[in-house]
Amino acid sequence: MSALWIWWLFPLGVGLGLGLWPRGTTRQKARVAVVLNATLALAAALLPIDRVVPVLGYRVVLHLTPEMSILGRTFLWLDGQRPWLVALFGAAALWALAAPGARLAPDVPAWTLILPAGVVGALAAQDLLLALLILGLLGLAVIFLWVPPGRPTATRGPARYLAIWVLGLPLVLLTLSLLTGLETATWDNPDVRRAMGLMAIALALWMGLFPFHPVYPLLGESAHPARLLLGWHFLHVGLGLVLLRMPTVYLWIRETTAVYQGLRALAWVMIGVAGTLLPFQRHLGRAVGYAHMLTLGWSLLAWSLGSDLGPTAFWALYWPRTLWSVAWGWGLAVLALPHDQFDEATLTGQGRDWLPGALLAIAGLLAVAPWPGLPWWPGVAYALHHTGTIAWYGLVALGFAWVGSALTGARWARILLAPRGDNTAPPIRRWPDRAWAWLALAAWLGFNGLAKPLFHWATNSWPF
């Protein structure tokens with residue numbers, strides 16, 4: 001049996017069925033999603049691929065083959081990629097576990113199965129064009145996570161997201177069709193230069209890179225932060241891992257430094273712009289969008305380290321990013337109860353009766369800042385430590401990000417801890433909410449000293 005039946009098609013089918021189950025509550029569906037995701041993560045950790053595993057002595061054996069063929073296309077999942085499965089489905093289990101406490105709608109547990117399964121399908125595709133096509137379709141589908149039926153929402157953010165994603169998809173496919181047969185071409189080839197111009201525009205659209213970055217705050221203003229962070233997490237990681245395969249396919253990427261220099265400059269621009277605009281947001285959802293811009297800047301910085309340190313630095317970001325996304329999304333969802341609104345007027349004084357929730361919201365804003373001596377993104381911090389000094393414009397961008405995150409955290413601390421208005425009824429908080437908030441804060445602090453272990457884990461988890 002192919003391993004992809006277990007970690008791709010099976011969770012995808014169950015996720016679709018769970019989403020279409022009309023009567024299940026969020027808690028019921030979350031139980032199914034948590035058990036299934038945790039089981040798939042544990043199975044990936046224990047079951048080798050392409051080796052015979054005895055189940056009952058040698059009377060019953062299990063042999064997971066790495067290959068699958070669909071419509072003449074080859075999908076392959078190697079044994080060395082099993083840490084990816086553990087990470088993807090482990091993160092999905094955390095999201096499903098947090099969904100009932102965040103009072104999210106019943107469709108969210110289904111997405112915790114669909115999103116990691118879609119990423120697995122894209123990573124398993126041996127044709128790079130097919131891999132990006134799968135991610136493109138996943139990016140179009142995730143709009144239903146961000147704008148659930150029956151929930152009134154602003155249309156500017158989702159409309160702009162759909163527009164840039166639909167524009168980027170044909171450009172990506174056209175670029176890869178132009179690059180067919182040019183795997184060993186050099187950077188001087190005019191066809192390569194022409195194709196890479198289209199690819200740069202397409203990926204800038206897809207990833208919301210400068211100058212298309214306003215899609216993040218607009219989405220943050222329109223959709224629920226927990227839903228946004230769930231979709232952003234898996235799309236970001238899936239697209240990043242697929243793009244990191246490109247240097248293994250195309251020789252001209254490995255031989256030229258222009259690509260990595262451009263990524264490094266773009267990373268500093270994203271970090272500087274996000275840090276500059278972050279303190280001026282009067283809507284906490286927009287602040288979430290700019291915080292995601294900072295995480296994207298860290299990823300671009302990781303990719304710019306080249307084919308040696310780049311994949312390791314990007315992959316080492318995974319667990320800090322997962323913990324930050326789950327804990328912050330859950331905390332913001334509970335903090336905004338019972339109104340489920342994230343503007344300044346609604347959240348004023350909300351932290352007075354739930355101090356751990358206020359601390360969690362503030363810590364989420366500060367966690368994306370490059371605090372001196374606090375490697376909240378351990379992989380990049382450790383990798384930069386080994387690559388020498390940072391250019392002056394990088395230091396300026398870091399300064400803007402640090403000051404902007406600090407000012408934003410201080411501003412929202414004043415808002416959340418301000419005196420309540422006479423007409424605002426204090427929301428009811430449950431003791432599990434307080435316990436989970438303190439646990440999330442303790443876990444964040446625990447990640448502060450894990451730069452070196454995460455870096456070495458990421459080094460051993462990259463099979464290419």
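Predicted model: local features only at pLDDT ≥ 70, side-chain atom pairs only at ≥ 80, totals over all residues.
View 1. The phi angle of Asp-50 is near 70°, which is a positive value in a residue other than glycine.

**View 2. Arg-103, a residue with positive phi in a loop between two helices.** Although Arg-103 is not a glycine, its phi is positive, at about 55°. Arg-103 belongs to the loop between helix H3 (82-98) and helix H4 (108-124), and at 33% relative accessibility it counts as partly exposed.

**View 3. The cis peptide bond between Phe-210 and Pro-211.** The bond that leads from Phe-210 to Pro-211 is cis, and its omega angle is near 10°. Pro-211 is found in the loop between helix H8 (190-207) and helix H9 (215-222).

**View 4. Thr-175, a buried residue in a helix.** Thr-175 has its place in helix H7 (residues 156-178), and with 0% relative accessibility it counts as buried. When its neighbours within four places in sequence are left aside, Thr-175 is in contact with Ala-195, Leu-198 and Met-199.

**View 5. The largest pocket and its lining.** The largest pocket holds about 680 Å³ of space. Its lining is made up of 30 residues, and those closest to the centre of the pocket are Met-196, Leu-203, Leu-243, Val-259 and Leu-263. Among the elements that give two or more residues to this lining are H8, helix H10 (225-244), helix H13 (258-277) and helix H14 (284-303). By residue class, the lining of the largest pocket divides into 24 nonpolar residues, five polar residues and one charged residue.

View 6. About 500 Å³ of space lies in the second largest pocket, which is lined by 21 residues, with Leu-94, Leu-97, Ala-98, Trp-330 and Trp-436 nearest its centre. The elements that give two or more residues to this lining are H2, H3, helix H16 (318-335) and helix H21 (431-446), and the largest share, six residues, comes from H21. Domain 1 (1-126) and domain 2 (213-458) each supply at least three residues to the lining of the second largest pocket. This lining divides into 16 nonpolar residues, one polar residue and four charged residues.

Terms used: Residues numbered from 1 in each chain as written. Heavy atoms only, no water. Helix = DSSP H or I, 4+ residues; strand = E, 2+ residues; numbered from the N terminus. Buried < 20%, exposed > 50% of the residue type's maximum accessible area, 1.4 Å probe, protein only. Contact = heavy atoms within 4.5 Å. 1 Å grid on protein atoms, 1.4 Å probe; cavity = no way out; pocket = protein on both sides within 12 Å on 5 of 7 lines; lining within 4 Å. Points joined across faces, edges and corners; volume = space filled by probe spheres on them. Nonpolar A, V, L, I, M, F, W, Y, C, P; charged D, E, K, R; others polar. Domains from an automatic or database assignment.
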